[in-house]
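Here is a short briefing on one protein model.

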Amino acid sequence: MCGIAGIFHAETPKPVDPVRVERMCEAMVHRGPDGSGVWTDHGIGLGHRRLSIIDIEGSPQPMHSADGRAVIAFNGEIYNFRELRSELQAAGFKFHTDGDTEVILAAWQRWGTGCLDRLDGMFAFALYDLDKRQLLLARDRFGVKPLFMARLSDGSLAFASELKGLLAHPLLRRKVDPAAIDSYLAFGYVPDTRSILSGVEKLPAGHFLLLEQGKRPEGAKQWWDIDFSQRESGSEADLSAQLVHLLREAVRSRMVSDVPLGAFLSGGVDSSSVVALMSENSADPVRTCSIGFDVDALDETGYARAIAQRYGTDHTARTVSRDDFGEAQRLAAMFDEPFADASALPTWRVCQLAREQVTVALSGDGADEAFAGYRRQVFHYNEDRVRSVIPSAIRQPLFGGLGSIWPKADWAPQTLRAKSTLLALAADSDHAYADALSVSDAQRRHSFYSPAMQGKLSGFQAEQELIAIMRSAPARSGLDRAQYADLKFWLPGGILTKVDRTSMAVSLEAREPLLDHRLVEFAARLPEKMRVNGRTGKYLLKKSMERYLPQDILYRPKQGFVTPIAEWFRGPLAGEARSIASGTVLGQTGWFDTGKLTGLADDHIAGISDNSRVLWQLLMLEKSLKHMEISE
């Protein structure tokens with residue numbers, strides 16, 4: 001796991017200042033504290049920060065191919081590099097190191113961009129071919145590893161693992177994209193379709209960009225996609241056997257490491273499954289870690305402890321204060337772009353704890369997206385069944401009318417909070433799921449904006465990008481399209497961004513075995529009843545793990561990291577809530593109706609309504625703009 005950066009002049013090759021590349025890398029030293037390197041040639045410069053995991057002493061970067069004709073800066077891990085190495089050796093390639101980086105170079109020389117289909121792993125890399133004068137930028141299938149890009153005023157393309165790497169370049173313009181603000185307020189993060197800064201892009205997951213000196217640049221091309229249009233056949237027992245085999249292989253392949261390795265253990269289905277299968281593959285106790293909160297209602301460490309005891313792991317647990325809001329500014333510096341998932345705070349804390357014991361940690365991320373484990377997916381599946389039997393001409397006025405008059409009862413028991421379900425049933429399938437993923441709907445969100453901001457947006461609504469992804473999905477059903485959107489939009493923009501930044505902040509490599517592409521491709525082909533069965537999500541995964549995990553782990557309500565931001569804004573953060581409208585940065589932007597923001601804070605503090613998620617978004621936006629020194 002590492003950080004990469006570089007500069008490339010395509011149309012008019014110019015000399016690249018190595019000091020500039022070095023400064024871009026230095027901004028990301030946390031991603032690679034074990035070593036650094038810069039290489040430049042006519043019109044190209046590559047930089048690298050290394051966190052040593054495989055072949056600790058023998059794989060410095062940027063690395064040249066054995067024949068010296070290609071150079072790479074690589075961030076990630078290739079889990080099948082030994083198999084590829086053997087195949088390439090049989091074809092006559094020579095190797096001077098024992099790691100995976102040199103294998104990518106040889107694979108490029110053998111198969112060109114076709115090498116990407118052969119790579120099993122998480123990665124973002126920049127590879128320059130000196131003979132072809134071509135630069136290949138590539139990102140893994142799911143976007144586990146990030147890559148930011150910007151075309152600069154001198155004609156160059158700059159790229160880096162994090163936005164802070166680009167911010168270190170003096171030619172980067174720090175101008176905010178208004179559409180990115182709307183996307184952020186819609187979803188709580190800036191999705192990969194946008195960047196907070198105009199002129200900055202993210203290479204999409206499963207895409208590559210191939211540039212050649214002397215030629216006009218072309219756009220990124222997709223090299224992998226997930227297909228939900230096919231269906232597996234076979235009995236539940238047969239499908240379960242296939243699933244367990246794929247799970248075992250995914251976990252086993254991600255346990256290769258030359259440094260200490262362990263796992264996050266929350267006590268939920270996904271992390272517990274990973275730990276159970278790791279224990280099958282390890283003669284020594286698996287190192288596990290978990291964090292709990294000093295409030296019983298939020299604490300899951302008892303479940304984690306039960307799994308640790310069941311599998312005899314070397315377990316470490318730590319209790320942290322739920323009142324961790326004092327680190328909000330530090331969190332903003334980790335992410336650069338505004339990021340409002342408050343669970344990033346406890347995720348960072350568990351990464352800190354893990355780093356005290358290991359350098360690599362396996363996580364359970366990805367199973368909810370692949371196997372339909374989110375409550376919203378289960379609701380969507382069942383709502384679509386209603387949509388299929390009631391014509392829209394009846395459904396829209398009936399449920400829409402009821403939804404419009406039903407009170408928004410955030411305080412009420414779950415069974416009485418029917419407003420969102422009624423409105424969802426009135427909408428078409430794709431719009432309903434886009435609304436389910438959003439923090440605040442477009443009408444409410446746009447009511448916060450000033451007339452000037454409304455003009456800049458020109459009618460843009462962030463949900464439209466998500467709906468377009470769903471409508472282009474290779475899928476059969478509404479559940480298929482919802483999961484496709486989760487894997488292509490929610491996962492890289494939200495979940496994987498959170499894990500990458502919080503783990504890399506403490507120089508920890510996080511691996512996601514449940515995002516093995518063969519496993520996810522199999523999950524996408526499962527019949528719907530093997531994913532959602534009644535009110536149970538992840539049905540086949542849970543049934544398959546019954547031989548490993550107790551019932552109270554498998555079938556208890558999903559919780560995850562819960563952060564009490566509503567209480568914070570009525571207590572220690574009440575002052576910050578009130579000052580958001582007139583904050584030193586947000587107040588200067590002219591983006592918002594300050595009276596509306598003041599009303600949000602006042603109503604929340606008085607207990608009239610729960611506006612905590614929007615207030616947290618605005619607070620993190622303020623802190624992010626301060627961090628990037630943007631005042632608009």
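**Sheet and flanking helices**
- Helix α8 (residues 269–280) lies across β13 (261–264), β14 and β16 (360–362). It runs at about 150° to β13. Axes are lines fitted to C-alpha atoms, for helices over the stretch in contact, and angles run from 0 to 180 degrees between N-to-C directions.
- Helices (H or I, at least four residues) and strands (E, at least two) are DSSP runs, numbered from the N terminus.
- This is a predicted model: local features need pLDDT of at least 70, side-chain atom pairs count only at pLDDT 80 or more, and totals for chains, interfaces and linings use all residues. Residues are numbered from 1 along each chain as its sequence is written, and side-chain values use heavy atoms, with hydrogens and water left out.
- α11 lies across β13, β14 and β15, at about 140° to β14.
- The open sheet has five strands, ordered β15-β14-β13-β16-β17, with parallel pairing. Two strands pair if DSSP finds at least two bridges between them.
- β15 (314–320) and β17 (509–511) are the edge strands, each pairing on one side only. From one strand to the next, the twist averages 30°.
- Strand β14 (residues 287–293) is joined to β15 by seven bridges. Arg-287 stands opposite Asp-314 in β15.

- Ala-328, Leu-331, Ala-332, Met-334 and Phe-335 are buried in α10 (residues 328–335). Buried means under 20% relative accessible area, exposed over 50%, partly exposed in between (1.4 Å probe, protein chains only).
- Seen down the axis of α10, these buried residues fall within an arc of 155°, so they line one face of the helix. The arc is that of the directions from the helix axis to the C-beta atoms.
- They pack against α5 (163–167), α11 (344–355), α20 and α29 (612–627). Contact means heavy atoms within 4.5 Å.
- Asp-336 follows α10 and has a positive phi, near 65°.
- Ser-624 lies in α29 and is buried, at a relative accessible area of 1%. It touches Ala-332, Asp-336, Glu-337 and Pro-338, not counting residues up to four places away in sequence.

**Nonpolar cores**
- The largest nonpolar core has 182 residues. Such a core is a set of buried Ala, Val, Leu, Ile, Met, Phe, Trp, Tyr and Cys residues joined through side-chain atoms within 4.5 Å.
- Phe-125, Leu-166, Phe-592 and Trp-616 have the most contacts inside it. Helix α20 (residues 478–504) gives the most to this core, with eleven residues.
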